Every structure is written in C-alpha cells, then in structure tokens.
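Please keep the sequence and the model at hand while reading.

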Amino acid sequence: MHDIYRDRKRIEMEENILDENDRIAEHIKDHMGAHGVLVVNEMGSPGAGKTTSIKNIVKNMKKAKPLVIEGDIESDIDTIALKGLGIEACQINTYGACHLDAPMIDHQLDHMHFDFDEERAILFIENIGNLVCPAEFSIGEHVKMLISTVTEGSDKPYKYPLAFEKADLILLTKVDLLPYLDFDEEFFMKGVRALNPNVKVIKCSGKTGEGYAEAAAWLEEKAFALELHEHHHDHEHAHEHEH
Amino acid sequence: MHEFPITEQIVKICSKRCGDEGGSGVTKLKLVCGERTGYVPESVQMYFDIISVDTPCEGAAVEIETVRSKMRCPACGKLFYRKPLSFECPDCGTDGEPTEIGKEFYIEYIEVE
C-alpha cells in the first residue's frame, strides 16, 4: 500500500515566537542606554492617567531631558498637548493594534533626533491604553512603569497579574479621590507584593501633584545610573545623532 | 486581535524553516501556548487560515497545547492553580509567587513534506 505520509518529516523547533521582537528590544535598550537615554515603557488602561503622569513627572524632572513617544490607536491629541507644554513629543498610531512592539519603536527611533545637551535623557513611551497586551511585548525599555488608578478598583493585580508582575515602578494615581471611594489599599498592596515583592509603588495625584516629585527623582536616578559607552552599530539603519 | 501579528510571525518562522529543510510545504505545526500569554488559540487558528494562504504553511493542521498557569508557595513550595481574586496557597494560605508555568509560547515542532 502506498504510504502517503512516507515523505513527511518532523522537525523539532522549540522556537519562541517572540524571539525576533525580543532581539530588537534588546538592541534598542542597549543602544539607547549607551547614549544616556533611559527608555520608559508606560502602561495602563485607558483613562488611568498616563499622559497626565508624563506631564507631571516632566514638570518635576531636574536634570534629564524629557522625550516622549505617544502610542495611540488613533489621534494625536496627547502629542499636541505635550508639545504645547514645550515637551519634545512624537506620535505612533497603530490603527487598531492593541499594543506597541519593538519593530515599531525601532522604526520610529530612526526618525527621531537625540541632540540633547543634558547628560541624560528619559524617553517616555506611552503604550496603548490596555492592561493586557502591552505587558507581553518588550519594546526596548529599561523601566516598565505601570499606571494603576484607584478608580479602577483594588482587584486589578489579581485580574491582570502579568502587568503588575513585570512592572519596575507602579504609580497609583488619582489618590485625591480615595475619600470618596471604597478602594481597599491593603488588598491592592497584598496582590502587588505577592507578584512583585520589590517593585516601587508611589501614590500620585494629578490634581494635587502629590507623588510626582518622587517618581521623577526615582527615574532620574535610574537614568544617571546608565553606563555610557562606545556603541558599535552592527545594524543597517542609520541614526541621525552624533556619536 | 493581537493574535494577528503573532500569527504572521508563526507563519513566517515555519515557512522559513520548511524552506531551510528543503521541504515544499508544512503539513502540521504544534504550538505550546501558556494561558498567561493572553493568546486565544481559536483566534490563532482563525488568523492562521487567512494568513497562510499562498505560503508553504497553507493547509497545515495546527495543534495548540495550552498550559495552565501555576503559582509557587514560598512557604511550603507547593505548585498550585490560583483561585479568582486570590493568590493564596490552598495548603498553608501563604500568598504564592509567579512561576514560568503558563508563560510558554513556542513552536514545538513542524511536519514538512
């Protein structure tokens, strides 16, 4: 009998599907770090206060130059608002995609200028408003900054554990509203600590400005801890900054 | 919806490997997908059927093994499935810590002809 399967061959792969993304992310991280740019991947659900947090952190930064890439499904409202405050910002629209990935950022960086006079810069990349998908993709960040807000409720670490597990810095925003809400801070922090015992958590309010000086200082300390070094470009695309 | 770019990547990886091995087409591929990756197997399958058209992966059978997520109790060492809105160990009540079990996302093997 003719064996229709005789020419089939099984090939063991064990290949991670996100390897390519992660390789590009690692390259971005090394490259930007070598030039004194701390990359911050800002994640949080829609309306959590991502853009407000960037504005307030920038206001409180003392030494580093702020740069922003705004990720949105559509519109450039936030970028216009940031530029209006004198902050250097540019826009990525994903037109439907629910997260940013490393190739998108790599492409965007090719079109950005990094001719700052300060010793260090902090590049805030505001991810798409979503607590699920952005946590799964590295985009070349040194710091994952999660914005969680008291109006979302205290169960979020239990419902979206990956975002809380991977965060390096958590800003708990809108804390000025705490007197009017049933937010259970102890339950929230119990979940955060189980997932991520050492993560820095700062209570913030865009209304009163509380917490943002501490967040800015924490990020600037990270930026100044970057080791600058000669960086060889082994990739084909050209960057427009000086070496 | 974020299964779309991921499935493009799967088709790209499998098609390339098929070519590298001198095959003319992929007849089957096996994916391992942890539940904490957030990828929905049914969506991967749906996009696969669309994206694989006119590639060496067209018509391939897709088998997806899902892996349930487990936490580890730092006090007693037990590996356990968590209950909703809780990280507590069912044996001793201590809050568990995350593990890599349930974060898998890889192509285990392909079959080519």
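## A term for the strands

Two strands are said to pair if DSSP finds at least two bridges between them. In this predicted model, strand S3 (residues 65-72) of chain A and strand S5 (residues 121-126) of chain A meet that condition, being joined by 6 bridges and running parallel. Within this pair, A:Lys65 stands opposite A:Ala121 in S5(A).

## Chain A in outline

Chain A has 243 residues, of which buried residues make up 43%, and it contains 8 helices and 8 strands. Its C-alpha atoms fill a box of roughly 80 × 50 × 35 Å when the box is taken along the principal axes. Where contacts in chain A link residues at least 6 apart in sequence, 79% of them join residues at least 24 apart.

The confidence of the prediction should be kept in mind: the mean pLDDT of chain A is 90, and 92% of its residues reach 70 or more. Over residues 236-243 of chain A, however, the pLDDT is below 50, and this stretch has 8 contacts in the model beyond near neighbours in sequence.

## The sheet of chain A

In chain A, 7 strands form an open sheet with parallel pairing, and their order across the sheet is S4-S3-S5-S2-S6-S7-S8. Strand S4 (88-93) and strand S8 (200-203) of chain A stand at the edges, and because each has a single partner strand, one side of each is left without a neighbour in the sheet. On average, and with direction ignored, neighbouring strands of this sheet are turned by 20° against each other.

## Helices on the sheet

Helix H2 (residues 50-60) of chain A packs on the sheet, where it touches strand S2 (37-44), S3, S5, strand S6 (143-149) and strand S7 (169-173) of chain A, and its direction makes about 170° with that of S5(A). H2(A) is mostly covered, with 8 of its 11 residues buried; among them are A:Lys50, A:Ser53, A:Ile54, A:Asn56 and A:Val58.

Helix H8 (residues 212-224) of chain A lies across S2, S5, S6, S7 and S8 of chain A, and runs at about 140° to S2(A).

## Nonpolar cores

The largest nonpolar core has 61 residues, and the members that touch the most others are A:Val40, A:Ile122, A:Leu123, A:Ile125 and A:Ala163. Leaving aside residues up to four places away in sequence, A:Val40 touches A:Ile122, A:Leu123, A:Phe124, A:Ile125, A:Glu141, A:Val143, A:Met145 and A:Leu219. There is also a second, separate core of 20 residues, which includes B:Cys14, B:Phe48, B:Cys57 and B:Ile110.

## Where chain A meets chain B

Which numbers of residues do chain A and chain B bring to their contact? The contact takes 29 residues from chain A and 29 residues from chain B. On the side of chain A that touches chain B, the elements giving two or more residues are strand S1 (9-16), helix H6 (161-166) and helix H7 (185-195) of chain A. S1(A) gives the most to this side, with 8 residues, and the residues of the side as a whole divide into 13 nonpolar, 4 polar and 12 charged.

S1(A) also pairs with a strand of the other chain: S1(A) and strand S6 (residues 105-112) of chain B are antiparallel over 6 bridges. In this pairing, A:Lys9 stands opposite B:Val112 in S6(B).

Terms used
Residues are numbered from 1 along each chain as its sequence is written. Chains are lettered from A and ligands numbered from 1 in the order in which they are written. This is a predicted model: local features need pLDDT of at least 70, side-chain atom pairs count only at pLDDT 80 or more; totals for chains, interfaces and linings use all residues. A nonpolar core is a set of buried Ala, Val, Leu, Ile, Met, Phe, Trp, Tyr and Cys residues joined through C-beta atoms within 7 Å. A residue is buried if 20 or more other C-beta atoms lie within 10 Å of its own, exposed if 12 or fewer, and partly exposed in between; C-beta atoms are placed from the backbone. Two residues are in contact if their C-beta atoms, placed from the backbone, lie within 7 Å. Helices (H or I, at least four residues) and strands (E, at least two) are DSSP runs, numbered from the N terminus. Ala, Val, Leu, Ile, Met, Phe, Trp, Tyr, Cys and Pro count as nonpolar, Asp, Glu, Lys and Arg as charged, and the others, Gly among them, as polar. Axes are lines fitted to C-alpha atoms, for helices over the stretch in contact, and angles run from 0 to 180 degrees between N-to-C directions. pLDDT is the predictor's confidence in each residue, from 0 to 100.
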